[in-house]
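Points are grouped by topic.

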Amino acid sequence: MNGIHEAGLLCSQRLVAYIVSQELAKASSLLPSNKNRSALVHSLIGSLGLLSSPSVSNHGPGKSTSESYNNKDVLRVVRPRLASVQQLCLYHDRDYVDFILNPSNNGAKLSSQCSYFGLEDDCPPFQGMGEYVQMIAGATLSAAHVLKLNTFDVSICWDGGRHHAQKSRSARFCYVADCILAILSLKKASPLPLLNPAREKARIMYLDLDLHFSDAVSECFYKSAPCNAVSQVLTLSLHHSSPGFYPSTPLADLSDPAGPGFDPFTLSLSLKQGASSKTFERVWAIVSAVKDAYRPDYVVLQCGTDGLAGDPHGVWNWSIGEAKGDMNWCVGEVINKWDAKVLLLDGGDGGGGYDSPNAAGAGHSLLCSFFLSAL
Ligand SMILES: [Zn+2]
């Protein structure tokens, strides 16, 4: 893909935002299921020397960007800002936001109110929970924001990608629906004029490669478009689905155009146990066909790593490498070949990938694969 800049001008230099700050890594590492993983991911990526640029930019939501770039400035570190209560409430219920941000609930013993908001089992309340939620949402919103400003072609938020959190409930390690918040934000972005000159509203494609179905994201935008209209948001989830496997919902089943609940903009491709790079190579033709038909201006790519070989789930046997169908190859196809601005989430610390060294290595490997060829 070329860069797509002011007034839709195509240029050969892509500008990439990497969302990170000490505060983000610190807050993200508090997550009980992923203790210290964020710090590990960022430190591995920092070992590439990509994050030590003296010209660190700061383009949080609401801040203008006027910085100019030279040909070597492919990658920029962008420091995120905390999401505001108002921003969180663009999706979440106010009661949930108030409860989760209240410091007195941050280390709360389990109570009936905690249960009501899903704060139990794999989502226990924890010290720093409010800051964590605001920081993760703020990071992903910052990644969306710099794309909207036309400042960057690709933005990477390794700490985002929480695709199970509901309006008023935490679920499956996800306390905040940052993917949904980012999509809602991108709905207000301008379409890319050179590629889609007649389009009035931007189209956003959400592609989820995590082992688990993107239930909250898919349900949020399910049948959200008026009848016979093209939806502003298309979701396509590639995941494993079988009886008893989380999350259990009819939308996780293979989409059936003849089915009564079919929505052409809410698509599921469920893959069986043992799915490998060969499987992904085969189904990628479908993914590409969906993209070609929809022609998104923006792609939000959630690449959870819990389908990789070696992950404790042990369901898929997906390889991370560069060969056709491997994870790096799939991500590369989206970033390098699709004519859209791309928001990349979860290379090891978002919605999936519960095995820290594996997930951290995946984040590192993805970034190596992408940037070392670009720099
Ligand atoms: Zn997952």
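A residue counts as buried if 20 or more other C-beta atoms lie within 10 Å of its own. By that criterion, Val 16, Ala 17, Tyr 18 and Ile 19 of strand S3 (residues 16-19) are all buried, with Val 16 and Tyr 18 pointing one way and Ala 17 and Ile 19 the other. In a regular strand, side chains alternate between the two faces of the sheet. The model is predicted, and its secondary structure comes to 11 helices and 10 strands.

**Confidence and overall composition**

- The protein chain has a mean pLDDT of 85, and 81% of its residues reach 70 or more.
- The pLDDT is below 50 over residues 54-73, a stretch with 29 contacts in the model beyond near neighbours in sequence.
- Residues 348-353 also have a pLDDT below 50, and this stretch has 48 contacts beyond near neighbours in sequence.
- Where pLDDT is low, the predicted coordinates should not be read in detail.
- Of the 375 residues in the protein chain, 49% are buried.
- Among contacts with a separation of 6 or more, 73% join residues 24 or more positions apart.

**The parallel sheet**

- Eight strands form an open sheet with parallel pairing, in the order S4-S3-S5-S10-S9-S6-S7-S8.
- S4 and strand S8 (266-271) are the edge strands, each pairing on one side only.
- On average, neighbouring strands of this sheet are turned by 15° against each other, direction ignored.
- S3 pairs in the parallel sense with strand S4 (residues 75-78) over 4 bridges, and Ala 17 has Arg 76 as its bridge partner in S4.
- S3 also pairs in the parallel sense with strand S5 (residues 154-157), over 3 bridges; in S5, Ile 156 is the bridge partner of Tyr 18.
- Between S5 and strand S10 (residues 341-345) there are 4 bridges, again in the parallel sense, and Val 154 is partnered by Val 342 of S10.
- Helix H6 packs on the sheet, where it touches S3, S4, S5, strand S9 (298-302) and S10; the direction of H6 makes about 175° with that of S5.

**Nonpolar core**

- The largest nonpolar core has 97 residues, and those with the most contacts inside it are Ile 180, Ala 182, Ile 183, Val 300, Leu 301 and Leu 343.
- Helix H6 (residues 129-148) gives the most to this core, with 12 residues.
- Leaving aside neighbours within four places in sequence, Leu 301 is in contact with Leu 207, Val 331, Val 334, Val 342, Leu 343, Leu 344 and Leu 345.
- In soluble globular proteins, nonpolar side chains tend to be buried together.

- Helix H7 (residues 178-186) is largely enclosed by the rest of the structure, because 9 of its 9 residues are buried.
- The buried residues of H7 include Asp 178, Cys 179 and Ser 185 as well as Ile 180, Ala 182 and Ile 183.
- In helix H4 (residues 94-101), the buried residues include Tyr 96, Val 97, Phe 99 and Ile 100.
- Seen down the axis of H4, its buried residues fall within an arc of 165° and therefore line one face of the helix.
- The elements covering the buried residues of H4 include helix H3 (85-88), helix H5 (112-116) and H6.

- Lys 188 lies in the loop between H7 and strand S6 (204-208).
- Lys 188 is exposed, with 11 other C-beta atoms within 10 Å.
- From C-alpha to C-alpha, Lys 188 and Arg 203 are 9.8 Å apart in space, and they are 15 residues apart in sequence.

Methods
Residues numbered from 1 in each chain as written. Predicted model: local features only at pLDDT ≥ 70, side-chain atom pairs only at ≥ 80, totals over all residues. pLDDT = per-residue confidence, 0-100. Contact = placed C-beta atoms within 7 Å. Helix = DSSP H or I, 4+ residues; strand = E, 2+ residues; numbered from the N terminus. Buried ≥ 20, exposed ≤ 12 C-beta atoms within 10 Å, placed from the backbone. Core = buried A, V, L, I, M, F, W, Y, C linked by C-beta atoms within 7 Å. Pairing = 2+ DSSP bridges. Arc of directions from axis to C-beta. Axes fitted to C-alpha atoms, helices over the stretch in contact; angles between N-to-C directions.
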